[in-house]
Amino acid sequence: MRILKYLPFLLCIYTSIYAQEGILKIDRSLKTSIRLKEIKILKTESLKMDHLDIDINSKEWDVIQLGENAGESINSIDGIFWLFTEIHLSDLKRFEKKLTIKLINIGLANEIFWDNKMIGKKGSIGKYDEIDTQRIQIVDIPFDYESPGYHRLLIKVFNDKRKNFSLTSEIVIGFHEFFNERELERQIEKRYMRIFFMAVLFAAALYNLVLFFGFGRNTVYLFFSLYCLAHSRKTYFMPFKMFENFGEAFISGNIYIIFLMYLLANISLLAYLIIKFSFHKTHKVISTLILLLPAIALIAPENLHLELVHYVIIKILPFIIVLYALYRKKEHSLFILVGLALASILTVLDIVGQLWNGDTLGVLFFVICISILSSKEIATQNRKHREAVLRTARLENELLKRNIQPHFILNTLTSLQELVEQSPKKATKLIQALAEEFQLFSKVSGEKLISISDELKICNAHLRIMEFRKDTKYVLSTQGIKGTEKIPPGIFHTLIENGTTHGYASKKNGQFILTKESRKRLTRYILFNDSENEDIQEVMKKGTGLKYIETRLEESFPGLWKLTAQRVDNGWKVVIDIYEN
Amino acid sequence: MIVVIVEDEPLVANRIERLIKAILKEKLTKIIVKNSLQEAMHYLFEYPIDLLLLDLNLHGKDGFELLKHAVSGSFHTIIISAHIDRAIEAFEYGVLDFVGKPFTKERMKKALLRLENVEAKNTYPTKYIAVRKSGKLLLLEVEKINYIKGAGIYSEIILKDGRSELHDKSLNKLNVILPSNFVRTHKSYIVNMQCVKNFSSLGGSKYTLELSGNEILPVSRIKYQEIKKHLTR
């Protein structure tokens, strides 16, 4: 990975900077640069106080340590303050290169004086809204002033009260070439890396958005797209080191965008995980937690610790969700857990300063994991879709076959043959009834769900045919049926067909009653039939009819139906329960 | 001739009855229509009949059980069914004919003609011969039959393993439904030609067949040519 390239480079920078105590002495031993370990600090009230008015011998000067916690000391002062140190230059002739002062992470407006002469500045002192976001200031020490002996470095700093972020401020003196070349190289490389990360994340966001629109508007993809987009935007505004350099972003106002994006990303991630694993009971609890997160985030910028708490919460919550999913044996939970864990390791490496931009790399890694998963899912989804299409086609076929079963047609034709020869008027009626059933079937055969009134029409047409054939009077009545209820085509027809075929060996009257009962979270259809067949279970099991009904119900109400058939007084009944989702 | 029709659809039963009457005319002495398997079963073995016309699917029930019993009877069985896919299976159990629904008078006539033509063989070979033995149904594999001997109105089936079973059908009726390798060699014998070991002349145009079980059966003079043709094939 490209990032590994930076590790030796970063180590090189750190080893080349060594600290000096007291007055900094620069001589021929300087190879690249030297870092100030401490500096004097003085708070002044007046905004207009000139550098010439500063008494460098005043006893009010405090000494602060630069480096690790310097930012806290510097930023905790409101308004104007001064930083001062003396530097001793010797063995001048050996300085063939220009000397440069480098200010790192003094995220405040300032003016830099070398022996009372201003050599550099950042932002505008006193103007609250004109703050330069430049993180590193490099100021050349004019050649004329590089005379041997003691020199004064005085920095006027203006703090505009936005003081909430810790800085690691450093002041380094070294050769102009060293700073410029290395720094430039580093900055450019980092910038390119940043653009690369952003582009990859943005592409992932687009990819998931396409998946969202392309695959049945599955919100899982929408949330993951948001996750990628938020991280892409966050990366753009992000300072180069997590936590350490928030000051810079804070000064430019980007911190709010970063927070917003960070929040959006994490909420999207949580939403993604919750929808992905489709929890039922926990759904509401976790959703509420997500809503609470913005509240935590709103408090966060006021206090670093709360921000840390917030950070921990939104980093840990996904783990809790995924671990719970793993416990519930949800599909892909282990894969996501591994992705999340490895991504978190990269983030932690970033926080402890071991891996530059590790947080973004972690996100990138996670995005790749999820993208692989999404692709796999889509492949599965496609396969399932194809299977469903095939199944629907098969069912449509089956429905038609149920109606035009060869023996049904052949038997009907035989009856018809007799009628044609013996009673042509009745023959016409039978042909009409047969045609009606066929017309109705061809109308609904392509549908997954049809209205009960259509189904009842088919049933009645079928009963008319069977009346001719069996010389039995069949009556189909309904109770509680509105007619608009949707059911898969042919299910009651199949049951009625079973009834007429098996049920009436000696009876000359047949009764079918279809009842609908609406219960709590449940719609129940009961088909009663006063047939004399004893072994209804056997009949139901034997024929392909039951299989057809079950497949149709499963297609339209997956996992939400129940079918029972039983012998009751004076006949048998089939109960179909359809549960609400 | 007494004919029993087993059919659950009244219109179809009417049609069969009507056509049978028209075809058999005065030959028909009685015609009975049953609409369920139980009723039919009861009737078949209680009363003497000559022909059974059976539908294979009665009130959704498989008529094959009844078929297996029916073919063990003394009468011939003709299937009239829409389940033409089961025709071969029905023939394997030894039905005389299979008439697919719907059917014309001509087709019905053809089926009934098979009753009279005692020499013609079925298109599809019979595989099983059902025998009723002490109230139970016994299915004998046709290829295990050595020869069949006439015993009055019954037949005695002698199997290759030496066992013998009595069948209610006469030799004439069995001959029609048995495969072509079964030849009526004598007025009292039907022989499985695959079991013939030797065909010898005793002189004076008297011939005998020696079967694999060393049985020696007489051959009728008029069957000589036919048997010779069979054996040289």
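Close-up 1. A residue is called buried if 20 or more other C-beta atoms lie within 10 Å of its own, exposed if 12 or fewer, and partly exposed in between, with C-beta atoms placed from the backbone. An α-helix has 3.6 residues a turn, so residues three or four places apart point the same way. Helices (H or I, at least four residues) and strands (E, at least two) are DSSP runs, numbered from the N terminus.

A word on what you are looking at: this is a predicted model, in which local features need pLDDT of at least 70, side-chain atom pairs count only at pLDDT 80 or more, and totals for chains, interfaces and linings use all residues. Residues are numbered from 1 along each chain as its sequence is written, while chains are lettered from A and ligands numbered from 1 in the order in which they are written.

Close-up 2. B:Lys101 and B:Pro102 are joined by a cis peptide bond, with omega about -10 degrees. Look for B:Pro102 in the loop between strand S7 (97-100) and helix H5 (105-116) of chain B.

**Close-up 3. Two loop residues of chain A with positive phi.** Most residues other than glycine have a negative phi, and most peptide bonds are trans. A:Lys329, although not a glycine, has a positive phi of about 55 degrees; its loop runs between helix H8 (304-327) and helix H9 (333-351) of chain A. A:Lys329 is exposed, with 8 other C-beta atoms within 10 Å. A:Asn570, also not a glycine, has a positive phi of about 65 degrees and sits in the loop between strand S18 (561-568) and strand S19 (571-579) of chain A. A:Asn570 counts as exposed because it has 11 C-beta neighbours inside 10 Å.

**Close-up 4. The nonpolar cores.** The largest nonpolar core has 98 residues, and B:Leu52, B:Leu53 and B:Ile190 have the most contacts inside it. A nonpolar core here is a set of buried Ala, Val, Leu, Ile, Met, Phe, Trp, Tyr and Cys residues joined through C-beta atoms within 7 Å. Helix H13 (residues 452-470) of chain A gives the most to this core, with 8 residues. Apart from this core lies another, of 42 residues, among them A:Tyr221, A:Phe224, A:Ile336 and A:Phe366.

**Close-up 5. Around B:Ser155.** B:Ser155 belongs to strand S11 (residues 154-159) of chain B and is buried, with 26 other C-beta atoms within 10 Å. Not counting residues up to four places away in sequence, B:Ser155 touches residues including B:Ile148, B:His167, B:Leu171 and B:Leu174. Two residues are in contact if their C-beta atoms, placed from the backbone, lie within 7 Å.

**Close-up 6. Where chain B touches chain A.** Chain B brings 16 residues to the contact and chain A brings 18 residues. On the chain B side, helix H1 (residues 10-24) gives the most, with 5 residues.
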